[in-house]
Amino acid sequence: MISYSIIIPVYNRPAEVRELLESLVNQTCKDFEVLIVEDGSAVPCDEVVKEYEDRLNIRYFFKPNSGRSLTRNYGMERAEGKYQLFFDSDCIIPEDYFEKVTNYLKETKADCFGGPDRAHSSFSLMQKAISYSMTSFLTTGGIRGSKKGLEKFVPRTFNMGFSREVYQNVGGFKDMFGEDIDLSTRIRKAGFTVELFPDAYVYHKRRVSLKSFYRQVYVFGMARVDLYQMHPDSLKLVHLLPACFVLGVVFLLLSSLVCPWALLPLGIYILALFLESLWVNKSLPIALLSIVTSFIQLGGYGIGFIGAFIRKVILKQQVDVEAELKKHYKKKA
């Protein structure tokens with residue numbers, strides 16, 4: 001049996017699939033198969049896949065559009081590896097990724113695992129700034145792959161794997177937004193071990209515009225309320241911070257009408273974002289953009305969370321998060 005089945009859902013992304021497959025060709029450990037599952041794309045990547053058939057153990061499937069959760073499940077039903085591994089189609093995999101994962105698994109015997117994401121040197125300034133805002137401790141509390149995160153590590157499907165035994169016992173992804181967090185939570189509740197492999201990172205492209213980035217994090221905020229209703233104990237203080245940020249900014253802005261010094265905390269935070277991004281990225285333009293993307297990341301998530309919490313939890317209204325997901329999913333193409 002091969003060790004890893006890499007399952008990649010694709011929707012109108014042939015150029016990015018080529019980059020991803022090229023990075024898999026260069027792996028130092030090649031004990032894996034690749035399953036490309038095309039989710040009803042209007043611009044399929046079958047011709048791209050054919051270019052790699054003599055260099056990778058690769059299979060291509062085309063199915064009607066159903067969303068990424070069911071598309072991943074479709075791939076898992078056909079996977080043959082000991083571990084199921086998931087990347088997004090907009091990822092680039094470092095050449096020693098599987099070598100590192102194999103070494104980690106020998107040491108930890110993890111049932112489920114994942115790693116962080118980073119920005120590749122080839123990414124645009126905007127992508128690097130968005131990457132900073134999604135990974136910095138100052139914005140997300142390190143919950144997306146930091147050893148010092150404010151929450152137990154939860155693998156995400158841009159870099160996530162689990163054993164065949166986990167799949168057979170827990171099942172696949174639910175058709176919802178936040179499906180990877182839900183599955184990770186169910187895996188942990190079932191008694192399986194979940195581990196962070198901090199050096200097994202991937203390069204993950206981000207949204208290419210501020211508008212699409214805002215839409216993405218807004219839906220993330222909405223989805224967190226759904227996850228809270230499904231798994232009440234999964235809601236932690238760190239998930240409330242974006243909502244607190246939104247309310248805090250509004251309070252400081254209103255207070256500044258009376259006392260201009262009220263904006264001092266906000267100014268200190270902006271300076272901290274700028275200096276950390278400058279230190280991390282070694283780029284003044286990225287550091288300046290990081291201030292904007294960080295406010296969008298926190299503001300979009302916080303507004304989405306507050307709105308969904310009021311409507312779904314307080315007012316007991318039905319909010320169609322799935323419609324938001326499908327809208328976002330199609331606009332990624």
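**Close-up 1. The largest nonpolar core of the predicted model.** This core has 34 residues. Leu21, Leu24, Val34, Ile36, Phe87, Tyr97 and Phe98 touch the most other members. A nonpolar core is a set of buried Ala, Val, Leu, Ile, Met, Phe, Trp, Tyr and Cys residues joined through side-chain atoms within 4.5 Å. Buried means under 20% relative accessible area, exposed over 50%, partly exposed in between (1.4 Å probe, protein chains only). At least two core residues come from each of β1 (4–10), α1 (14–25), β2 (32–39), α2 (46–50), β4 and α4 (97–108). Helices (H or I, at least four residues) and strands (E, at least two) are DSSP runs, numbered from the N terminus. Another core, of 19 residues, lies apart from this one and includes Tyr74, Phe173, Leu183 and Val194.

The model is predicted: local features need pLDDT of at least 70, side-chain atom pairs count only at pLDDT 80 or more, and totals for chains, interfaces and linings use all residues. Residues are numbered from 1 along each chain as its sequence is written, and side-chain values use heavy atoms, with hydrogens and water left out.

**Close-up 2. Ser89 in its loop.** Ser89 sits in the loop between β4 (83–86) and β5. Ser89 counts as buried because its relative accessibility is 9%. Leaving aside residues up to four places away in sequence, Ser89 touches Ile8, Pro9, Val10, Arg13, Glu16, Val17 and Leu20. Contact means heavy atoms within 4.5 Å.

**Close-up 3. An open sheet of three strands.** The order is β5-β10-β7, with mixed pairing. Two strands pair if DSSP finds at least two bridges between them. β5 (91–92) and β7 (117–118) are the edge strands, each with a single partner, so one side of each has no neighbour in the sheet. β7 pairs with β10 (residues 202–204) in the parallel sense, over two bridges. Arg118 has Tyr203 of β10 as its bridge partner.
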